[in-house]
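Good morning, and thank you for joining. I would ask you to keep the sequence and the model in view while I speak.

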Amino acid sequence: KLKSNIMKKLLFIAAFTIFGTVSTNAQDGGEFEFGGGFGYNIANVSTADGRDSTSSLSSFNVGVSGEYFFSERWGLKMKLIYDNKGWADGFIQDNDTGRSITTDFKLGYITVPIMANWHFGSDYNWYLNFGPYVGILINAKDSKLGLDLKDGFQGTDFGLAFGIGYKFEIADNTRLYIEYDGQSGLSNVFKESSLTVRNGRSSFNIGVLFLL
């Protein structure tokens, strides 16, 4: 609980710092951009020291986003994502046979990143974002036996989100985007573990944005 409280405070400070940074760069902002998209996820878990990691699990994400522009270059962006994480080729014991079975561990989260978004390029179509995220565990299952494993995992996942993307204007106030989106966990995914094991997730996304 102490570690969780400290992590929450650090993420709050990071979000507050980001808000302050984009606010001080405010010029002629005030516009709001809203949209949605989906992507291809590549996820795994690794130990805190980075020495050990699992095989990657391929899956998907889907979500919506909103961005408030403080200027042409800076905005504050928030996402709401259904995010699949986990890892492949793990092991679980079949209680009926006593055998160890190779399986994939599938963790489903509702993830909320809050990020500073920096727009660059001649037409400001490129963007680079960074900031904290929090994920709420919705489900946790293995692929072979279909067991509900949620009780063995922490209910929340904290970490840092970052990404880079490009927007194509297809009509007035409407744009398509492609992006690389990454998440690096800072909290332990397990409730009880002798090692700190953290989520990692990369995704390649496409979607549409509407300038309101």
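In the hairpin of E3 and E4, 6 residues lie between the strands, and Gly98 there takes a positive phi near 80°. What I am describing is a predicted model, in which local features need pLDDT of at least 70 and side-chain atom pairs count only at pLDDT 80 or more, while totals for chains, interfaces and linings use all residues. Residues are numbered from 1 along each chain as its sequence is written, and side-chain values use heavy atoms, with hydrogens and water left out.

Two strands are said to pair if DSSP finds at least two bridges between them. Within this pairing, Met78 stands opposite Ile114 in E4.

The next pair is E4 and E5, which is antiparallel over 14 bridges. Here Trp118 stands opposite Leu128 in E5. The hairpin of E4 and E5 has 5 residues between the strands, and Gly121 in the turn has a positive phi of about 100°.

Strand E5, residues 126-142, pairs in turn with strand E6, residues 156-171, through 11 antiparallel bridges. Gly135 has Asp157 in E6 as its bridge partner. In the loop between E5 and E6 we find Gly146. Gly146 counts as partly exposed because its relative accessibility is 46%; buried means under 20% relative accessible area, exposed over 50%, and partly exposed in between, with a 1.4 Å probe and protein chains only. From C-alpha to C-alpha, Gly146 is 9.9 Å from Lys106, although 40 residues separate the two in sequence.

E6 then meets strand E7, residues 174-185, in an antiparallel arrangement of 12 bridges. Gly159 is bridged to Gly185 in E7. The hairpin of E6 and E7 has 2 residues between the strands, and Asn173 takes a positive phi near 65° in that hairpin.

How do the strands come together as a whole? There are 8 strands, closing into a barrel in the order E1-E2-E3-E4-E5-E6-E7-E8 with antiparallel pairing. Neighbouring strands of this sheet are turned by 25° against each other on average, direction ignored; the axes are lines fitted to C-alpha atoms.

I turn now to the charged side chains. Side chains of opposite charge can pair when their charged atoms come close. The structure holds 6 salt bridges, each defined as a side-chain nitrogen of Lys or Arg within 4 Å of a carboxyl oxygen of Asp or Glu. One of them joins Glu179 to Lys79, with the closest N and O atoms 2.8 Å apart. This pair links distant parts of the chain, since Glu179 is in strand E7 and Lys79 in strand E3 (residues 74-93), 100 residues apart. Both Glu179 and Lys79 are buried.

Lys79 also forms a salt bridge with Asp181, at 4.0 Å from N to O. Asp181, in strand E7, and Lys79, in strand E3, are 102 residues apart. Why does Asp181 count as buried? Asp181 does so because its relative accessible area is 3%. Asp181 has a further salt bridge, to Arg201, at 3.1 Å from N to O. That pair connects strand E7 with strand E8 (residues 197-211), its members lying 20 residues apart. Arg201 is buried, at 2% relative accessibility. Through shared partners, salt bridges join Lys79, Asp83, Glu179, Asp181 and Arg201 into one network.

Which residues does Asn41 touch? Asn41 belongs to strand E1, residues 32-47, and is buried with a relative accessible area of 0%. Beyond residues up to four places away in sequence, Asn41 touches several residues, including Leu57, Asp83, Asn84 and Arg201; contact means heavy atoms within 4.5 Å. The side chain of Asn41 also makes a polar contact with that of Asn61, at 2.6 Å. A polar contact is a pair of N or O atoms within 3.5 Å; within protein, one must be able to donate a hydrogen and the other to accept it, and residues adjacent in sequence count only if both atoms are side-chain atoms.

Finally, a word on confidence. The mean pLDDT of the protein chain is 88, and 86% of its residues reach 70 or more; pLDDT is the predictor's confidence in each residue, from 0 to 100. Over residues 21-27 the pLDDT is below 50, and this stretch has 11 contacts in the model beyond near neighbours in sequence.

Terms used. Helices (H or I, at least four residues) and strands (E, at least two) are DSSP runs, numbered from the N terminus. Axes are lines fitted to C-alpha atoms, for helices over the stretch in contact, and angles run from 0 to 180 degrees between N-to-C directions.
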